[in-house]
Amino acid sequence: MIVGEGGVHPDYFLYRMQWWEVQRFINGMRRRIRPQWESVRWLGWIVAKMMGEKRTESPEDFMTFHWEIETDPNQEENDLRLIEELQEKNKAAQEAAANTSDR
């Protein structure tokens, strides 16, 4: 995605790009294509209305995008805590495996 659609040189992506750059680059690409997704949603909603869809009152009800969903402000903190727990479990599993292989 980054190399193909984003136009980043493969050498830069594979060997020099930092992880924080990757996340920001992907977020920027998603923002760039957002108007296209909005147009597709409107078109889909109009076609559905023409075909007799009565349940949806707006394009947002017809198709909700992930950037429109309210997120929990504590979610990032919870994710970081989960990552730390998984890292600790992984370290303990590696130590246990190293101890069993030493025998």
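1. Glu-77 is partly exposed, because its relative accessible area is 47%, which lies between the 20% and 50% limits for that class. The residue is part of helix H4. Its C-alpha atom is 31 Å from that of Phe-62, although 15 residues separate Glu-77 and Phe-62 along the chain. Please keep in mind here and below that this is a predicted model.

2. Arg-41 sits in helix H2. It counts as buried because its relative accessibility is 0%. Beyond its neighbours within four places in sequence, Arg-41 is in contact with Pro-59, Glu-60, Phe-62, Met-63, Thr-64, Phe-65 and Glu-68. One polar atom of the Arg-41 side chain lies 2.7 Å from the backbone oxygen of Met-63.

3. Which residue forms a salt bridge with Arg-41 at 2.7 Å between the closest N and O atoms? The partner is Glu-68. The pair bridges distant parts of the chain, with Arg-41 in helix H2 and Glu-68 in the loop between H3 and H4, 27 residues apart. Side chains of opposite charge can pair when their charged atoms come close.

4. The bridge between Arg-41 and Glu-68 belongs to a network of salt bridges that links Glu-38, Arg-41, Glu-60 and Glu-68. The structure as a whole holds five salt bridges.

5. Two further salt bridges can be listed by residue. Asp-11 pairs with Arg-16, with 2.9 Å between the closest N and O atoms; Asp-11 is partly exposed at 33% relative accessibility. Glu-53 and Arg-55 meet in a salt bridge with an N to O distance of 3.2 Å. In that pair Glu-53 is buried, with a relative accessible area of 18%, while Arg-55 is exposed at 73%.

6. How many aromatic pairs does a search of the whole structure find? It finds two. Trp-37 is partly exposed at 41% relative accessibility, and Phe-65 is buried at 7% relative accessible area.

7. Another aromatic pair is formed by Trp-42 and Trp-45, which is edge-to-face because the planes of the rings stand at 90°, with the centres 5.5 Å apart. Both residues lie in helix H2, three residues apart, or about one turn of the helix. Trp-42 is partly exposed at 40% relative accessibility, whereas Trp-45 is buried at 15% relative accessible area.

8. Where is Thr-56 placed? Thr-56 is in the loop between H2 and H3. It is buried, with a relative accessible area of 11%. The side chains of Thr-56 and Trp-45 are joined by a polar contact of 3.4 Å. Apart from its neighbours within four places in sequence, Thr-56 is in contact with Trp-45, Lys-49, Asp-61 and Phe-62. Trp-45 therefore takes part in an edge-to-face ring pair with Trp-42 and in a polar contact with Thr-56.

9. Trp-42 also has a place on the surface. Together with Leu-43, Ile-46, Val-47, Met-50 and Met-51, it forms a nonpolar surface patch with about 680 Å² of accessible area in total. Trp-42 is found in helix H2, which spans residues 19-50. At 40% relative accessibility the residue counts as partly exposed, and this is over the 30% needed for a patch.

Technical notes. Residues numbered from 1 in each chain as written. Predicted model: local features only at pLDDT ≥ 70, side-chain atom pairs only at ≥ 80, totals over all residues. Heavy atoms only, no water. Patch = residues over 30% accessible without salt bridge, like charges linked within 9 Å, V, L, I, M, F, W, Y side chains within 5 Å. Areas by Shrake-Rupley, 256 points an atom, 1.4 Å probe, with all protein chains shown as cover. Salt bridge = Lys/Arg side-chain N within 4 Å of Asp/Glu carboxyl O. Helix = DSSP H or I, 4+ residues; strand = E, 2+ residues; numbered from the N terminus. Buried < 20%, exposed > 50% of the residue type's maximum accessible area, 1.4 Å probe, protein only. Phe/Tyr/Trp six-rings, centres within 6.5 Å; stacked < 30°, edge-to-face > 60°. Polar contact = N/O pair within 3.5 Å; in protein donor to acceptor, adjacent residues only side chain to side chain. Contact = heavy atoms within 4.5 Å.
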